[in-house]
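Please read each point with the structure in view.

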Amino acid sequence: MTTRLADIAAQAGVSEATVSRVLNGKPGVAATTRQSVLAALDVLGYERPVRLRQRSEGLVGLITPELENPIFPALAQVIGQALTRQGYTPVLATQTPGGSTEDELTEMLVDRGVAGIIYVSGLHADTTADTQRYERLRAQGVPFVLVDGFSPKVQAPFISPDDRAAMALAVTHLASLGHTRIGLALGPKRFVPVQRKIEGFVRAVQEQLGLSAETVETELVQHSLYTLEGGQAAATALMDRDCTAVVCASDMMALGAIRAARQRGLDVPKDISVVGFDDSPLIAFTDPPLTTVRKPVPAMGQAAVRTLLEEIGGTPAPHSEFVFMPELVVRGSTASAPGDRNRPG
């Protein structure tokens, strides 16, 4: 082994320590140096370790959460079509509870020699997750792009919607309709998009309604799960606190909020207004059609592909966050605030 290291180091014009770092997939080696070491392996007739073999030109991995939330298939479709137009074949890998983990899916894709990976709402969005997994992936020479959820610890391009602006749009709309008790239903606090939505919501309610940040966070913010049942539970809690409007962090949660209102015999939007987030496919055809903040899915998906292909092509975009502006879509689930006589609770 030592003889082999010495031979490779001499051929590549680098130290044995550098060769060792490249062979073991460790970070801290310049791309040109890494290529020199790999070229030396080839020249001397040594077989490259599996993870360092030439990547397939054709395959790009796409790792998403479960596909029950229609926003994820919508994003996958945009990304898949954009990759296909550029001559790549998308490989969709889905995380499901009790199924394969993100790390297992990543390993599977790397073993198949994918040219790069796009992560949607992955562990990068979880502030409690270890980000070293992404550094290890970078050390293996696999380009990747992260969608939904920013971490300053990870050196990679990020694609995000402006969650703070989304909340400002929703709150401004509801305040203009006369609502003074506006609640926010969202997922667990450890996720970056959740934290940003809370920041935007608190600031907007302070500006629009003059409430203190402490009052907003303790009385008007309710954490739950990103599911229909989660939205139902959160909206129930917010209605118990006299909210006449509920902003939800996903359209699925908003459908749950509407269900919660109806279980109380309330009418949406006459008695309580509901705003979603995403503008998932078919959400315009619910009863009532859902007012929501549209996530710029086509622009985000195309940007993720463009950015990844630049990484693959060796002209990487800046390792920073590209933020896309959402827009409010007003439909039938919001209306003027009810009078005190009709207020739920």
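**Notes on packing and pairing**

1. The crossing of helices H10 and H11 is right-handed; the model discussed here is a predicted one. H10 spans residues 228–240 and H11 spans residues 251–263, and the two pack at an angle of about 50° with their axes 6 Å apart. That angle makes H10 oblique to H11.

2. On the H10 side, the contact involves Leu228, Gly230, Gly231, Gln232, Ala235, Thr236 and Met239. H11 contributes residues including Met252, Leu255, Gly256, Arg259 and Gln263. By class, the residues of this contact between H10 and H11 comprise nine nonpolar, six polar and one charged.

3. A second pair consists of helix H5 (residues 102–111) and helix H6 (residues 132–139), which pack at about 5° with axes 12 Å apart. Angles under 35 degrees count as roughly parallel, and H5 and H6 are therefore described in that way. Glu102, Asp103, Thr106 and Val110 of H5 meet Arg133, Tyr134 and Leu137 of H6. The residues of this contact divide into three nonpolar, one polar and three charged.

4. Six strands form an open sheet of mixed pairing, in the order S7-S6-S8-S9-S10-S12. Strands S7 (221–223) and S12 (327–329) are at the edges and have a single partner strand each, so one side of each lacks a neighbour in the sheet. From one strand to the next, the twist averages 20°.

5. Strand S10 (residues 291–294) pairs with S12 in the antiparallel sense over three bridges. Here Val293 is opposite Leu328 of S12. Helix H9 (residues 213–220) packs on the sheet and touches strands S6 (182–186) and S7; the direction of H9 makes about 40° with that of S7.

Note on methods: Residues numbered from 1 in each chain as written. Predicted model: local features only at pLDDT ≥ 70, side-chain atom pairs only at ≥ 80, totals over all residues. Heavy atoms only, no water. Axes fitted to C-alpha atoms, helices over the stretch in contact; angles between N-to-C directions. Helix = DSSP H or I, 4+ residues; strand = E, 2+ residues; numbered from the N terminus. Parallel < 35°, antiparallel > 145°, perpendicular 65-115°, else oblique. Left-handed = near helix turned anticlockwise from the far one by under 90°. Contact = heavy atoms within 4.5 Å. Nonpolar A, V, L, I, M, F, W, Y, C, P; charged D, E, K, R; others polar. Pairing = 2+ DSSP bridges.
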